[in-house]
Amino acid sequence: MVTESLSHSIVRAPAALDWLSLYRRTLWVSDALVIAGVMFATQYVWFSLTGEPVSRPVDDIGPVTYTWLSTALILGWLVALAISGSYSDRVVGIGTAEYRKVIASAIYLFAILAVVSYLTSTPISRGYLLLACPAGTALLLLTRALWRRRLWAARRAGDAMSRVLVIGDDQESARIIAELGRMPEAGYRVVGVSGPGTRSDFSSAGVDVPFLGPVRDIDRMLEITGADTVLVASDAALSAQSVKQISWQLEAGRQHLIMVPSLTDVGGPRMHLRPVAGFPLVHVETPRYSGRQRFVKRSFDVVGSGALLLVLAPLFGVLALLVRLSSRGPVFYRQERIGQEGVPFRMIKFRSMIPDADDMLQRLLAEQGKAGQPLFKLENDPRITPIGRILRKYSLDEFPQLINVFLGDMSLVGPRPQRKEEVAFYDSAAERRLIVKPGMSGLWQVSGRSALSWDEALRLDLYYVENWTLLGDVSILFRTFKAVFAPGDTAH
């Protein structure tokens, strides 16, 4: 198949520009095949079922056949995808921007078609369009996600990566290198470091990357390493003129300059670049939840939890029976957790422990040396029942929390719901977790679960609170399904 051979080529592409060009062509071919298949399949299915004529007479034009319309829509859809920037190297492979642009291109295309149809008095079957638009968009999103998974696999194997030269001091360079190393899916491999000083090597915070020399030798460093990207830390002790000179030395279209802002954990939608009097001013919106945002999130929670409660009702019955038969005690376990604005509520779970498990907690924590620590998690917890271990591994014990979501105590996605003892450790920063409702899932759920440290969990929760979007919630829920079905070693 064409797409399979292209995929094979992507993985083995030796240079950044080669893999990027191949990946774009792969997406274009894949999109063209998907759109063509959807449009002609929709045309066949709709007109076969309804018996409507495929060709219609139009005043002053003559007969208009839907075959020609389908062909025009295929070309128009591909043009819309290109114009929207869905093939840009700034969005493909990571983040949700690519998916937003795919959705936007479909909306704009069919909105324009509706306007043209109205202005020209050209009748077009509404059923044909209402079937083609969502079907095509859904399949485009699916294939884009599949190609992204293929790209991520290639990057984890060391292929399809941009070669990066980092300019910064020891501490900042070490942080950047460590973060990029933890996420190879982003597609950046650090091949060298530059910055103040004349050291012959660079070693800091467990990161070992060669120090290639001072910034003035950037041409030589780029040639030696074959780097196609220069990443400058905000506190690299470089003047504005030095940054300009670096950008002038880069080859346009082949080499790129990236600036790392000092503002960390600020999502893209909150940052706006506005040039004023020759200065690129970055406006950072204050995180806040408007009435509209709260209404949208609550509506999403009610509809989502209600639908899941109905669909999962048979599974609830089976799990309740297994818990009941596995050991003595109630089916459900209720525990006080701290909710929005610090208001406590009773969180519901399937019981996964023996009765009186809470009374044993402090003694077991002391035995494992974890007493007085936040985000405590016992290793090889002896209180968990055999069926409870299975429930916990696949997060089945948390299904009853859908009731908490439906009642308004929790959200489908949000910060980790924590105990009163953990909230006692909160400082002013951690208290911002309580701005929103705790969630059944969240960034903590899809980023390591029990393997996360207190600081890592706090950072993820604060990022979510300050950069919430509905599309972000949807993305986290999709990643949650994978974490549930393939929990790995971090679930216990």
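At 22% relative accessibility, R419 counts as partly exposed, a class that lies between buried (under 20% relative accessible area) and exposed (over 50%), as judged with a 1.4 Å probe on protein chains only. R419 forms a salt bridge with E422, and the closest N and O atoms of the two are 3.9 Å apart; a salt bridge here is a side-chain nitrogen of Lys or Arg within 4 Å of a carboxyl oxygen of Asp or Glu. E422, at 3% relative accessibility, counts as buried. The model is a predicted one, in which local features need pLDDT of at least 70 and side-chain atom pairs count only at pLDDT 80 or more, while totals for chains, interfaces and linings use all residues. Residues are numbered from 1 along each chain as its sequence is written, and side-chain values use heavy atoms, with hydrogens and water left out.

Side chains of opposite charge can pair when their charged atoms come close. A search of the whole structure finds 11 salt bridges, among them the one between R90 and D89, whose closest N and O atoms are 2.8 Å apart. In this pair R90 counts as exposed, at 61% relative accessibility, whereas D89 is partly exposed at 26%. Another salt bridge joins D473 to K297, with the closest N and O atoms 2.9 Å apart, and it links distant parts of the chain, since D473 belongs to helix α17 and K297 to helix α9 (residues 291-311), 176 residues apart. D473 is buried, with a relative accessible area of 1%, and K297 is buried as well, at 8%. Elsewhere, D31, E98, R144 and R148 are linked in a network of salt bridges.

We can now turn to the chain as a whole. The protein chain has 17 helices and 15 strands, which are DSSP runs numbered from the N terminus, a helix being H or I over at least four residues and a strand being E over at least two. Of its 492 residues, 44% count as buried.

In soluble globular proteins, nonpolar side chains tend to be buried together. A nonpolar core is a set of buried Ala, Val, Leu, Ile, Met, Phe, Trp, Tyr and Cys residues joined through side-chain atoms within 4.5 Å. The largest such core in this model has 35 residues, and those with the most contacts inside it are I35, M39, L73, W77, L81 and Y128. Helices α2 (16-50), α3 (66-83), α4 (97-119) and α5 (126-156) each supply at least two residues of this core, and the largest share, 10 residues, comes from α2. Leaving aside its neighbours within four places in sequence, M39 is in contact with S70, L73, I74, W77, Y128 and A132. A second, separate core of 25 residues includes L391, F399, L402 and Y464.

The search finds six aromatic pairs, where rings of Phe, Tyr and Trp (its six-membered ring) pair if their centres lie within 6.5 Å, and planes under 30 degrees apart count as stacked, over 60 as edge-to-face and the rest as tilted. The rings of F332 and F350 have their centres 5.4 Å apart and their planes at 15°, so this pair is stacked. Because F332 lies in strand β12 (residues 332-338) and F350 in strand β13 (residues 344-350), the pair ties together parts that are 18 residues apart in sequence. F332 is partly exposed, at 30% relative accessible area, whereas F350 is buried, at 1%. F316, F332, F350 and F399 form one aromatic cluster.

The pLDDT, which is the predictor's confidence in each residue from 0 to 100, averages 79 over the protein chain, and 78% of the residues score at least 70. Confidence is lowest in helix α1 (residues 2-11), at a mean of 38, and highest in helix α13 (residues 401-407), at 95. Over residues 1-16 the pLDDT stays under 50, and for this stretch the model has 24 contacts beyond four places in sequence. Where pLDDT is low, the predicted coordinates should not be read in detail.

Conventions:
Contact means heavy atoms within 4.5 Å.
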